[in-house]
Amino acid sequence: MGGFRGPALSTETYRIAIVGSGPGGLSAAAHAAKLGVSHVLLERADHLSDTIYKYQRGKFVMSTPDILPLRSDVTFAAGKREAILGNWDRQIAELKTNVRYKSDVVEIKKAEGVFNIRLADGDTVQAENVVLAIGLQGNLNKLTCPGGDLPLVQYQLDDPGEYEAETIVVIGAGDAGVENAVALAKQNSVVIINREAEFARVKQGNLTLILNAIEKGDIQCYYNAEPARVEPNAIILNTADGEARVPCDRIIARIGASAPRKFVESCGIKFPNADRSALPEVSSTYESNVPGLYIVGALGGYPLIKQAMNQGLEVVEYILGNKLAPADEPLLQRKFAGLGGADVDAIIAEARGAIPVFASLNPLLLRETLLESDVHVLKKDAIVFKRNDYTSSFFTIMRGSVGIQINALDPSVVVTLPTGAFFGEMGLISGRRRSATAVATSDCVLLETPRRTMLKLIKSVDSVRRTLDQTAIMRQVQTHLAPGVSVADLRPMVETVELKRYKPGDVIFNQGDKGDDMHLIRAGSCTVSMRVGGRDIVLSYVPSGNYIGEMALLSDAPRSATVKAAHATETIRIQGDAFKALLDSQPALKAKVEAKFRQRIMQNEQMQRRPEAGNIIQFLIEQGVGEGTDVLLIDESLCVHCDNCEKACAETHKGISRLDREAGPSFANIHVPTSCRHCEHPHCMSDCPPNAIHRAPDGEVFIDDSCIGCGNCERNCPYGVIQLASPPEEKFNLFSWLLFGKGPGPGEEMAYEELKYAGKPHADKQKRAVKCDMCKDIDGGASCVRACPTGAAMRVSPEEFMSVALLG
Amino acid sequence: MRESILIYRNHLYLKLAALVSLVATTAYVWHTPFERPNGGTWLGYTLGVVAGGLMIWLAWFGVRKRKYGIGKLRLEDWLSAHVYMGLALAIVATLHAGFQLNWNVHSALYVLMMIVIISGIVGVYFYIRFPIMLTENRRGMTAEVMLTQITDLDREIRQLAMGLDDATNAAVLKASQETIVGTTLFSQLRGFDEDCETTQARRFVEDSEGSGESTSRRQLLTRLVRKEELLKRIRRDVQLRCLLKTWLICHVPFSVAALMALAVHVVTVFYYW
Ligand SMILES: Cc1cc2nc3c(=O)[nH]c(=O)nc-3n(C[C@H](O)[C@H](O)[C@H](O)COP(=O)(O)OP(=O)(O)OC[C@H]3O[C@@H](n4cnc5c(N)ncnc54)[C@H](O)[C@@H]3O)c2cc1C
Ligand code: HEM
Ligand code: HEM
Ligand code: SF4
Ligand code: SF4
Ligand code: SF4
């Protein structure tokens, strides 16, 4: 490899210029080379495929989804990072692909039908067509202070074990910086530079690690400090007390990366909205709104290697004007097999025609949505989902009709939805249990779209969001606020509502404010607190599906309490006058709301007399218990520290315990160990390339076998409950351990402990993410709880726990 | 918040055990006037079989505890039942033996069994008290946090001592190098160490008060006292956890010994039949 540069390029206009040599770009270039089309592959780094190059050494790369056939002139199969990269280097050379390394593209402008591609070093390249395959990694932020380009500054850390007995300065107090600092501190003297006064942006687990290390003196920390300049063997900091000089051998700057969006927009490509995760729109031939400019791979929303490689080959064919059935054709054929043999295009057309929410999707998005959805062919009376299931997928009716049993007590009360309608959006939005049972009222065909796909659609296609919200608001009001009131009666009020979003800790309204509206919580949860004697006392925890703020309206008094969002929360804000008008016209509803009002006054009275219960609620909320659906708590007044819970978990989960009893905070006899909370809106799910994290009907958040071990979920979970681990060594059975002491005993995590600390010998084993699955495959439920001899361990739903247990 | 094993499920297992004991006692009282009671009568046999069965079942708990993820009952049920049935065993076995104790293998079994049962009662006491004592002693800190704080104090102490006279410095250095938290089982169980090097250093600094540099001496003293206090709590923590472990490793071998004695008892009984 090395710093090889292609021939001088200034005069030739290429047919295709490909930017970025990840799996997408290199597959495109290889195909162009094979077909003899004039092309150039522009790569910023001095080697191919920088994203994969930066994977951890020895990482086992997976070829998910297995059923998708590979369509490329370079080969790819699951294996070690080194083998895959070596293979690509060889094949790219064999195909005589024209690669130009160290070519950082900074500008793409179209003039008179030709793209002028400007590189960072000032050269330009001309091409008729451009394929953008730059992935999503973006640009690492660089130190901008003088000396930031000196050789002692680096922006990445591959292997902390590589350095020994050096003085290393780590800049950046995010998770990456903290993780690097802690890992380096084992063998080096480490200084970490924090721009702020505390480590506000890191996960709980990392926070404990870094604070401990600082406290112990293993790591020195400069707070409120920023680099002023870098010298060949020192860094000068601007601190609150003036400049400080820190001599060092190495500087590792982990100051984040900027997303590629800005660059992409500067090329003229449009994004549908400002959302951080919005993707640029492309046609079914991967062409963007700029004719001749194409987008493939992760940048276009396809986060897996094989998908990117397939698109690379396809885009070259499309540019040459050829038609090509997409590689996923056989997958869709299999998916639609139950629909009576019509061909894929006909069925896609049928879906577009029949289902209005999907009608506005571009062909590629629609195809992708269908590919990720399941097709259910149901007989009349089949149950789609049950009330209280925890599933959060979204259903659309392609043929037939579905009935929703909206009354828990009387299944004969059914609202019938016709072909084209959708349902299941409430579970999707709230992350809570299904609020009704859905039954096929005729033979029907349903599309079930997973939560992640829907969230992507909602974020990237405004019309989908609008349609969904309009229907959802009416249904939410009807379900949670005014059951039994007809849509027509509700319409005047619903027309005045407004959706509000709150970040954790945001105030929805303050005690003493004038109350002229109320809120129906549709996602997240809130705490209600009151100022008594100069102190805030938490009175209650209000989960989604409840309304707040009606008390001031009904009593025409100022707000009697402050309501804050406990987690990311969405509410439907209802105008007070409209609500009062509704109550006046609906005496039954009025009576119900007033009864609730009296009950709340009573509860508040009780809670004011028990401030310690409020403190417990506050503590649990801070630990993220409030956004969970099923949380492991330990009663410290009963726990004998026998660790049988951990042993039970390890024994029933391939030798790796998914809970850490000792870790985690305690308050008033309640201990919150490190263990999954099964969040309503699992953070871990948000960024999983193969979509391997799911939610089972009983609420369990679990990871399936398609995990590729990328570690995104581990980083995204704020509670540090996910580990990456390879399968542990085989165990001997109980009796050979008891009698002969063979192998690790029950619950002893030899393999796991070794893995955690030794790293190296296991590093090339295939690592996957593991976490608590709430023992969903084990009859009888949570092993940890069942194995606790004293009953100290319990799994509770926060809603029940924070209302009943504490008050009772 | 939750209930202990003793009142678990509204005393269900207490009630069951009481029922077993009551039936056994009634049968015994009803039976006694006719025959001289002992293990050889039909009632004696029956009670013996029940006692033997109970004992094997009680010992099975050790195995059940390690079979994870199976069965409908929680381990809490098993322990609650274990405790009450273990107590019922004392009654059933005594009735079975007809209150006849001599110097023989049969009585050896009886004695061993009673040791296990009594140790069990001690264990239950530990199980109920220990968590509360441990939590109180820790005051919201984990053992790790306490140790970190000690390391920190130590560093500060050494730094302060550096500016003082050699004798103080030596005493403090000795304290930071030689202070240990129970390495032997005995010292762990003891739970305190009035002659600990840190205490010695603290006394030394106290005694030498007034010999100049009084502010750093004061600072040193407060830190030594804090360290001493933390050490006291850590030793207590270690003691408590160690006690519990020691208890378990007494209860189990005795129960194994009792099981062997049971085997001998049954064999001899049939041999001399
Ligand atoms: C830790 C980790 C583990 C993963 N594991 C797997 C796995 O096991 N299996 C799997 O299928 N997927 C895995 N993925 C996902 C996979 O890496 C991506 O889906 C894939 O790399 C996307 O390919 P791409 O071609 O779109 O972009 P990338 O691979 O990101 O390539 C982009 C290339 O463009 C270059 N570039 C960027 N900007 C410019 C510019 N302005 N000028 C010139 N060049 C530029 C970059 O240097 C880079 O070489 C993993 C991802 C991560 C982060
Ligand atoms: C925990 C269980 C048991 C204990 C503690 C126990 C204890 C005793 C004791 C102390 C005696 C009186 C011995 C004597 O007369 O000196 C006795 C007698 C006897 N036991 Fe048990 N025993 C137990 C279980 C059993 C079992 C399981 C059996 C048989 C199946 C059994 C059968 C007998 C018989 C037959 C006698 C009468 C022996 C004789 O009179 O010589 N016992 N037992
Ligand atoms: C002959 C009677 C008994 C036998 C054979 C017996 C046997 C056992 C065994 C094998 C264990 C498992 C220990 C382990 O492996 O961890 C155990 C645990 C225990 N036993 Fe007993 N036992 C008996 C009576 C009792 C009684 C009467 C009590 C209480 C009153 C008692 C209280 C306990 C307790 C508290 C435990 C600890 C539970 C735990 O492991 O968490 N036992 N016993
Ligand atoms: S693993 Fe997922 S569901 Fe579990 S606590 Fe973390 S974010 Fe929540
Ligand atoms: S490591 Fe986590 S995010 Fe990555 S694939 Fe596995 S489950 Fe998904
Ligand atoms: S519920 Fe099951 S998987 Fe989760 S921590 Fe407990 S034993 Fe482990």
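## Two iron sites in chain B

A donor here is an N, O or S atom within 2.8 Å of the metal (3.2 Å for Na, K and Ca), and water is not among the atoms, so sites may look incomplete. With that in hand, look at ligand 3 in this predicted model: the protein donors of its iron atom are His82(B) and His251(B), each through NE2, lying 2.0 Å from the iron. The six donor atoms around that iron subtend angles of 85 to 178 degrees, which makes the arrangement octahedral. For reference, ideal angles are 90 or 180 degrees for six octahedral donors.

Where do His82(B) and His251(B) come from? His82(B) sits in helix 3 (residues 75-97) of chain B and His251(B) in helix 9 (residues 214-271) of chain B, so the pair ties together parts that are 169 residues apart in sequence. Helices are DSSP runs of H or I with at least four residues, strands are runs of E with at least two, and both are numbered from the N terminus. His82(B) has 14% relative accessibility and counts as buried; His251(B), at 12%, is buried as well. Buried means under 20% relative accessible area, exposed means over 50%, and partly exposed is in between, using a 1.4 Å probe and protein chains only.

Now for ligand 2. Its iron atom is coordinated by NE2 of His96(B) and NE2 of His265(B), at 2.0 to 2.1 Å.

## A serine in helix 1 of chain B

Ser21(B) is part of helix 1 (residues 8-31) of chain B. Its relative accessible area is 11%, so it counts as buried. Leaving out residues up to four places away in sequence, Ser21(B) touches Ala88(B) and Ile91(B), where a contact means heavy atoms within 4.5 Å.

## Strand 11 and its neighbours in chain A

Over in chain A, strand 11 (residues 167-171) has four of its five residues buried, so it is largely enclosed by the rest of the structure. Strand 11 runs parallel to strand 12 (residues 189-193) of chain A, with five bridges between them; strands pair if DSSP finds at least two bridges between them. Val169(A) has Val191(A) as its bridge partner in strand 12. With helix 4 (residues 175-184) of chain A, these two strands make a right-handed β-α-β unit: seen with the strands pointing away from you, the path from the first strand over the helix to the second runs clockwise.

Strand 11 also pairs in parallel with strand 17 (residues 250-253) of chain A, through four bridges. Here Ile168(A) stands opposite Arg250(A).

Strand 22 (residues 394-399) of chain A is mostly covered, with five of its six residues buried. Five bridges link strand 22 to strand 27 (residues 444-449) of chain A in the antiparallel sense, and Ile397(A) is partnered with Leu446(A). Strand 25 (residues 422-423) of chain A is also antiparallel to strand 22, over two bridges, with Thr396(A) paired to Phe422(A).

Ile458(A) lies in helix 13 (residues 451-460) of chain A. Is Ile458(A) buried or exposed? At 13% relative accessibility, Ile458(A) counts as buried. Apart from residues up to four places away in sequence, Ile458(A) touches Leu428(A), Val464(A), Arg465(A) and Leu468(A).

## A four-stranded open sheet in chain A

Four strands of chain A form an open sheet in the order 28-35-30-33, with antiparallel pairing. Strand 28 (498-502) and strand 33 (547-548) are at the edges with a single partner strand each, so one side of each is left without a neighbour in the sheet. Two bridges join strand 30 (residues 517-523) to strand 33, and His519(A) has Ile548(A) as its bridge partner.

## Ground rules

Residues are numbered from 1 along each chain as its sequence is written, while chains are lettered from A and ligands numbered from 1 in the order in which they are written. Local features need pLDDT of at least 70, side-chain atom pairs count only at pLDDT 80 or more, totals for chains, interfaces and linings use all residues, and side-chain values use heavy atoms, with hydrogens and water left out.

Methods:
Four donors count as tetrahedral if all angles lie between 85 and 135 degrees; four count as square planar and six as octahedral if opposite donors are over 155 degrees apart and all others between 65 and 115; anything else is irregular.
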